[in-house]
Amino acid sequence: MAKYTCPMHPEVTSDRQGSCPKCGMALEPVEVGAQSEPNQEYASFLKRFWISLPLAVALFVLAMGNMGSSTTWWIQWLLCTPVVFWAGWPFIEKAYHSLHHLRPNMFTLISLGVLTAYFYSTWVTLFPMSISGAAVYFEAASMITVLSIIGQILELRAREKTSDSLKQLLKLAPDTAHVLREGEYKKVHICQVKVGDLVKVRPGEKIPVDGIVEEGSSSVDESMLTGEPLPVNKVMGEPVTAGTLNQQGVLVFKATHVGKDTTLSKIVKLVGEAQRSRAPIQRIADQVSEYFVPAVFGIAILTFVIWFAVGPEPRLSHALVNAVAVLIVACPCALGLATPMSVMVATGKGAANGILFKNAESLEGLAKVTVLIVDKTGTLTQGNPALHRVECLSGFEEATVLRLAASLEQQSAHPISKAIVREAASKKLTLGTCTDFHSETGKGISGNVDGKAIFVGSATAATHIAQNAEKAKFGPTEAGSSYIYVVVDNQLAARLSIRDPLRPSSKKAVQALKARGLRVIMASGDRLETAEAIAKEVGIDEVRAPLLPEQKGSLVAELKKSGETVAMAGDGINDAPALSLADVGIAMGAGSSIALESAGVALMRDDLFHLAQAHALSQKTLGNIRQNLFFAFFYNSLGVPIASGILYPFFGLLLSPIFASVAMSLSSVSVIGNALRIRAIKLPEA
C-alpha cells in the first residue's frame with residue numbers, strides 16, 4: 001500500500017493522498033515511482049480554477065464598473081458565493097483542521113481573510129444602511145480565492161519537479177528480462193525474475209537486475225549510476241548492476257538481487273529518505289514558524305484597531321481591508337519550504353551524479369567541513385594491489401611461502417589477500433586447507449595450514465619478529481611499496497612487497513579539494529615511507545602513518561577537539577570507526593556495507609574527484625537554502641508592515657488584499673523556483 005508524507009513535516013504519514021494536519025500542504029508519495037499516479041489535489045485545484053476564473057473575472061469587471069453602486073451588489077454576491085464556498089472549499093477545510101489541531105497555518109490566514117471580506121460584504125448587501133459609506137469586497141474575496149488556487153497549482157507543479165531525478169533513475173531499469181526457463185531464454189516481466197535465475201543481456205540492452213557474470217564479456221556503461229563516463233569491462237565473476245547499459249558483447253549472469261533489493265532501488269530509497277530528513281539549519285525556520293501565525297493574527301487585530309480608531313472615513317472599511325491584507329500577505333509556507341525544497345532537489349541531483357547523501361544533516365555538514373582525512377588504499381590508490389616481490393629468508397622457498405600465505409589469505413576478502421591468492425593461482429600452486437582462521441582488523445590474519453601456524457600481517461603487528469629482522473636480512477625498502485610479513489611456526493619466513501597504483505585523478509582531485517579551502521590529511525595503516533611517497537606524488541602535505549583503525553578514530557577526535565569540522569573518506573572496514581566519529585563520513589565507491597552504514601555520504605564511483613563535486617554541490621545547496629530563508633524573512637518583514645498600512649501616512653498608499661494575495665502566492669512559488677535552480681548547477685569537471 002502506498003504511503004504519503006508531508007515535505008515540511010516528514011513525521012506525518014498517511015495511507016492516502018490528502019493534506020498535512022499541521023501545515024495543510026498536499027502530502028507526497030513516500031516512495032517515488034517511475035510512473036506516479038495522478039495527483040488528485042492538483043487535478044481538483046485545476047478543475048476549481050477553470051470554473052471559478054470566469055466568475056471571478058466577471059465579478060471584478062462588474063465591481064470596477066459600478067464603484068460605490070449598490071445596484072449590482074446582489075449579482076456580485078451570487079457570483080462570489082460559489083467561488084468562495086466551492087472553489088475555495090479546500091482552503092476552508094484545511095483551515096478548520098488546522099484550528100481543530102491547534103496548528104494555525106497559511107490556510108487559516110487565507111480562509112479568515114476571505115471569509116471576513118465575504119461576510120462583511122454580505123452584511124452590507126443585506127443591510128446597506130447599517131454602515132455609513134460602506135462598500136462591498138466580493139471581488140476581493142473571489143480574486144483572493146482564485147489567486148490562491150493559482151498559487152497552489154504552481155506550487156504543486158514545482159514540487160513535482162523535485163522528484164524528477166529519482167523518476168529518471170527508476171526509468172533506467174527495463175520492464176522485462178530474458179530469463180532461462182525450461183532450457184531456453186524467455187522474455188518475462190521484471191517482477192518474475194528470482195534470485196539465482198540466469199539472465200541474458202544482448203548488446204544495447206539495459207541490465208534488469210543485479211548479478212554476477214557467468215558467461216561472456218562486454219563493456220558496460222555505468223555512467224547513469226556512478227557518473228563514470230568510460231564504460232567498464234565485465235568478464236566472468238564481475239558484478240553487474242540493474243539500470244546499466246550493456247554495450248558490446250552478450251552477457252549471461254546469475255541474478256543476485258532483484259526488485260527492491262537491487263542497488264538501483266536502494267539508491268532511490270536512500271535518496272528518498274534523505275529528502276524527507278531535516279537539515280540543522282531548518283531549526284531556524286521551525287522556531288520562527290511556531291510563533292509566526294499567532295503573531296500575524298495579533299498584527300491583523302492591531303491593524304484593525306488602529307485604523308478603526310484613528311483612520312480616515314469610512315473607518316470600518318479601511319480597518320477591515322487592511323486587516324484582511326495583513327492576513328493574506330503573510331505566508332509561513334515560504335518559510336517552511338525554504339530548506340526542504342533545496343534538500344530535495346540537491347539530493348536528487350546528487351543521486352543522478354553518483355553522489356548519495358544519507359540525510360540532510362550530511363548534506364549541510366559537508367559544506368562546513370574544514371579538514372578532510374583520506375585513506376590511502378582504495379581512496380588515493382586504485383585499491384587493486386598486486387604482489388610485486390617475495391623476499392625469503394634462508395631455509396624458506398618462495399613457492400612454499402607463497403602457497404602457505406595464499407592458503408591462509410583465501411579466507412579473507414581484503415584486497416591484499418586477493419592479490420596474494422591471484423599470484424599463487426598464476427603460478428598454479430595448489431592451496432591447502434586452513435583451520436583456526438583468525439583476523440585482527442588492521443594487523444593481520446593467522447591460522448593453521450598443513451599443521452603449521454601461519455601469520456601474515458604488518459610490521460606493527462609482528463614487531464617482536466619483523467622489525468629487527470627487516471633491518472638485518474632484507475634489502476632496502478622501495479618508495480611506493482607496502483610490506484607485509486609471513487611468519488611460519490613463529491619464525492619470520494618472508495617479506496612480501498605490495499604495490500597499489502595511484503588513481504589517475506587523485507592528484508587533480510587533491511588540488512581541487514585544496515583549492516576549495518580544505519585542509520587534506522592522509523591517514524594510512526601503511527608504513528610512513530610508503531605513505532609519504534604517495535602523499536608527495538598527489539600533493540598532500542600532512543601524513544599520519546602507520547595508524548591502526550582506532551588511531552584513525554583518535555585523529556578524528558583530536559581534530560574535532562581543536563575546533564575543526566572533520567570529514568573522513570575511506571572505502572573499507574578498517575575505516576568504519578573513523579567514518580562514524582567524523583562530522584561527515586564518506587564511503588568511496590559505495591564502500592563495504594559496514595563503511596556505508598557508518599558514512600553520511602556515499603560516492604558510487606571510486607574517484608576522489610567525485611568528492612570535490614559532492615563538496616561543491618553541498619556548498620551551493622547551503623547557499624541556496626540561505627537565499628530562500630532570506631527571501632522568506634525579507635518578504636514577510638516587508639509585506640506585513642506594508643499591508644498594515646505603514647506607507648499610508650507618508651505616501652497615501654494601501655496594499656489591496658488582491659495584490660496581497662498575488663504576493664502571497666508568488667512567495668512560495670519563488671522559493672521553490674529558486675530551489676529548482678540547483679538542478680542547473682555545474683559541478684567541477686576532472
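Predicted model: local features only at pLDDT ≥ 70, side-chain atom pairs only at ≥ 80, totals over all residues.
Student: Thanks! In which helix do Phe 304 and Phe 308 lie?

Tutor: Both belong to helix α9 (residues 282–310), where they are 4 residues apart, about one turn of the helix.

Student: How do I read a pair of rings like that?

Tutor: An aromatic pair is described by the distance of the centres and the angle of the planes. Rings of Phe, Tyr and Trp (its six-membered ring) pair if their centres lie within 6.5 Å; planes under 30 degrees apart count as stacked, over 60 as edge-to-face and the rest as tilted. By this rule the structure has 15 aromatic pairs. In one of them, Tyr 118 and Phe 119 are edge-to-face, because their planes stand at 80°, with the centres 5.3 Å apart. Phe 304 and Phe 308, by contrast, are stacked: 5.9 Å centre to centre, with 5° between the planes.

Student: Which residues do ring pairs link into a cluster?

Tutor: Phe 85, Tyr 118, Phe 119 and Phe 138 are joined that way.

Student: Is Tyr 118 buried or exposed?

Tutor: Buried means under 20% relative accessible area, exposed over 50%, and partly exposed in between (1.4 Å probe, protein chains only). Tyr 118 has 4%, so this residue is buried. Phe 119, at 48%, is partly exposed. Over in helix α9, Phe 304 is partly exposed at 28%, and Phe 308 is partly exposed at 43%.

Student: Over which ring does the charged end of Arg 48 sit?

Tutor: The rule is that NZ of Lys or CZ of Arg must be within 6 Å of the ring centre and within 35 degrees of the ring normal. Arg 48 places its charged end over the ring of Trp 86, 5.2 Å from the centre. Arg 495 does likewise with Tyr 483, at 4.3 Å.

Student: What is the order of the strands in the open sheet?

Tutor: Two strands pair if DSSP finds at least two bridges between them. Here 3 strands follow the order β9-β8-β11, with antiparallel pairing. β9 (232–234) and β11 (245–246) each have a single partner strand, so one side of each lacks a neighbour in the sheet. Strand β8 (residues 218–221) is joined to β9 by 3 bridges, with Ser 219 opposite Asn 233. Toward β11, β8 has 2 bridges, and Asp 221 is the bridge partner of Leu 245.

Student: Which residues of β8 are buried on each side?

Tutor: Ser 218 and Val 220 are buried on one side, and Ser 219 and Asp 221 on the other.

Student: How many residues does the largest nonpolar core have?

Tutor: Such a core is a set of buried Ala, Val, Leu, Ile, Met, Phe, Trp, Tyr and Cys residues joined through side-chain atoms within 4.5 Å. The largest one has 126 residues, and Val 374, Leu 380, Ile 540, Ile 586 and Leu 608 have the most contacts inside it. Helix α21 (residues 609–644) gives the most to this core, with 12 residues. Apart from this core lies another, of 22 residues, including Ala 406 and Cys 434.

Definitions and conventions
Residues numbered from 1 in each chain as written. Heavy atoms only, no water.
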